[in-house]
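Subject: Structure handover

Hello,

Here is the structure we talked about. Please open it next to this message and read along.

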Amino acid sequence: MIKNISNLGDAALYCDFGTEVNKEINRNVINYFNNLRESNFLGITNITPSYNKLVISFDLKLTSYAKLKKQVENLELKKNNNSKNNLIKIPVCCAEEFALDIKRLQKLLKINEAKIYEKFFSKNYYCYMTGFIAGMPFLGDMDKSLFAKRLETPRVKVPKNSIGITEQFCNIYTFESPGGWNIIGKTPVDIFDNKKNTEPNLINPGDTISFYPISKLEYEKKYE
Amino acid sequence: MKKNMNKNYFEVLRPGINSTFQDNGRNNFYHIGIPFSGAMDNRNFLLANTISNNKINNPVLEFAYQGPKLKYIGENISINVTGDVNFKIIRKNKNLEFSCYENIVLENNDCLDILSTNRSVYGYLSIGGTFEVDYYLNSCSTNTKAKIGANSGEKLEIGQIIKLKNIKKILPKNKIEYLNSKIENIRIIKGPHFDYFSKNAIDSFFSNEFNVTKLSDRMGIRLKGPKINNIKNTNIKSEGLVKGVIQITADGDPIIMLSDHGTIGGYPKIGVVISADYDKLVQIPPGSKIKFKEINLKDAETIFKLYEMETQNLISNIK
């Protein structure tokens, strides 16, 4: 549950669910998020769930911190509002030209390439949040043996659709963007489709993701 | 249906530095990583559409520093420019000078040359009619990072054609008397990570001036000044941001989040700029200095009400 609500400036609520990162806390955050989306409280302009916080911004012309805080505190939660959350399968091609940091990871983690991929593909990942850039999912948790630091110097351009890992998390670069995560492959699936006017995001907070390997040939076929 | 609907258009002879179509912005998509966007200076956006007798959320052309040079083809049309902007109309080889905040008439073959914003950043072009633009998720606001909104999510490009529709009859002057006052003191409210910084760092944050650097755009303003020392942790678990948030990077430099900001961030938030100062903040150009002043939430809310009243007064005093 929400431990504390404070103001983030004069037009947002900062809801604190704790300091740790785990699924239980995050499911709470997402449950509040789903309930708030349906609440129709006047003036809400954006709700941003993250690992253990929920930021609710509002239009100061329509409501105020005190008013909205009271509404959020008195919100009656419908149980199990996470039923909308899906299992999504994402193909990944690990060809050398896409796995930009696999050599670095072998050295860093002291395990060979085959083992890294075996461990990576054997788990399901939970989507804690999406954002930073449009549609980018923050997924976890990685197998402990794959915990790796970010690159010392971030890349100026990480190719679109690259799969990156760092510490307990992995993500998918939905756009070409600067970034410091260790790149281990690339998916032919567009995670964010800027042509779609409803639900442009393939992956949403609370979803479960499983990755599966594909060959270069399959990758090229899917891309057509 | 009117015939020849697309007979009125602008041809872009020079795109300017950062010219994009904007409206009120995109609500309710932070959770999938799509920022609010929209016109940076909300008051000047509002005044532009008001002078054009348009709906409040009509698209406008926003420009920064150097604006576009546009050739107009079509029937006579009323246009206006808001902001602190230097512009002219070239008509039959003659340069004609006009003021901001009033309707002027553009004739066939006129060339509108928006030369520069003066000691400010953003200006707006509105027309008595509507720019024909694409909408995405209920807004035409261009987000060049996600490539969404008007113009396929891109800045204006040289040679492109901007089609116009719903051209209105020539409008009255609708002059608004408005002076774009400049501010150096930005009022802020304490952020959730205020206690990540030492007493000395906080004192230094409020007593020194910061330079607005060239690394400033629609996403954020990067500042340089005394280093703000963190005594807890230079990283936090990434969490939601809003516009106006001041993050302190691991290097100890402040970054202020603006309308196209990344939706989540992992640096401690020392404070948030009050809503009433946002329009003035975005207009502070690189090379200027700013200073922060802390106020409480109650005062910020009162100041916002005054700011809204001032906007409404400007609108009701149209001549």
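Thr234(B) sits in the loop between β15 (220-224) and β16 (239-240) of chain B. Strands here are DSSP runs of E, at least two residues long, and helices are runs of H or I of at least four; both are numbered from the N terminus. The cut-offs: 20 or more other C-beta atoms within 10 Å of a residue's own make it buried, 12 or fewer make it exposed, and anything in between is partly exposed, with C-beta atoms placed from the backbone. Ile248(B) is 14 residues away along the chain, and the two C-alpha atoms are separated by 7.9 Å.

A note on the source. This is a predicted model, in which local features need pLDDT of at least 70 and side-chain atom pairs count only at pLDDT 80 or more, while totals for chains, interfaces and linings use all residues. Residues are numbered from 1 along each chain as its sequence is written, and chains are lettered from A and ligands numbered from 1 in the order in which they are written.

Now chain A as a whole. Chain A has five helices and 13 strands. Its radius of gyration is 19 Å, close to the 17 Å that the globule rule gives for 224 residues, so chain A is as compact as a globular protein of that length. That radius is taken over C-alpha atoms, and the rule is 2.2 Å times the number of residues to the power 0.38. The C-alpha atoms fill a box of roughly 55 × 35 × 35 Å along the principal axes. Of the 224 residues, 42% count as buried.

Next, the sheet. Four strands of chain A form an open sheet in the order β1-β2-β4-β3, with antiparallel pairing. Two strands pair if DSSP finds at least two bridges between them. β1 (4-7) and β3 (44-49) of chain A are the edge strands, each pairing on one side only. The twist averages 15 degrees from one strand to the next. Five bridges join β2 (residues 12-16) to β4 (residues 53-58) of chain A. Ala12(A) has Ser57(A) as its bridge partner in β4(A).

Helix α1 (residues 23-39) of chain A lies across β3 and β4 of chain A and runs at about 160 degrees to β3(A). Axes are lines fitted to C-alpha atoms, for helices over the stretch in contact, and angles run from 0 to 180 degrees between N-to-C directions.

Last, the partner chain. 38 residues of chain A are in contact with 33 residues of chain B. β3(A) gives the most to the chain A side, with five residues. That side divides into 19 nonpolar, 16 polar and three charged residues. Ala, Val, Leu, Ile, Met, Phe, Trp, Tyr, Cys and Pro count as nonpolar, Asp, Glu, Lys and Arg as charged, and the others, Gly among them, as polar.

Best wishes

Terms used. Two residues are in contact if their C-beta atoms, placed from the backbone, lie within 7 Å.
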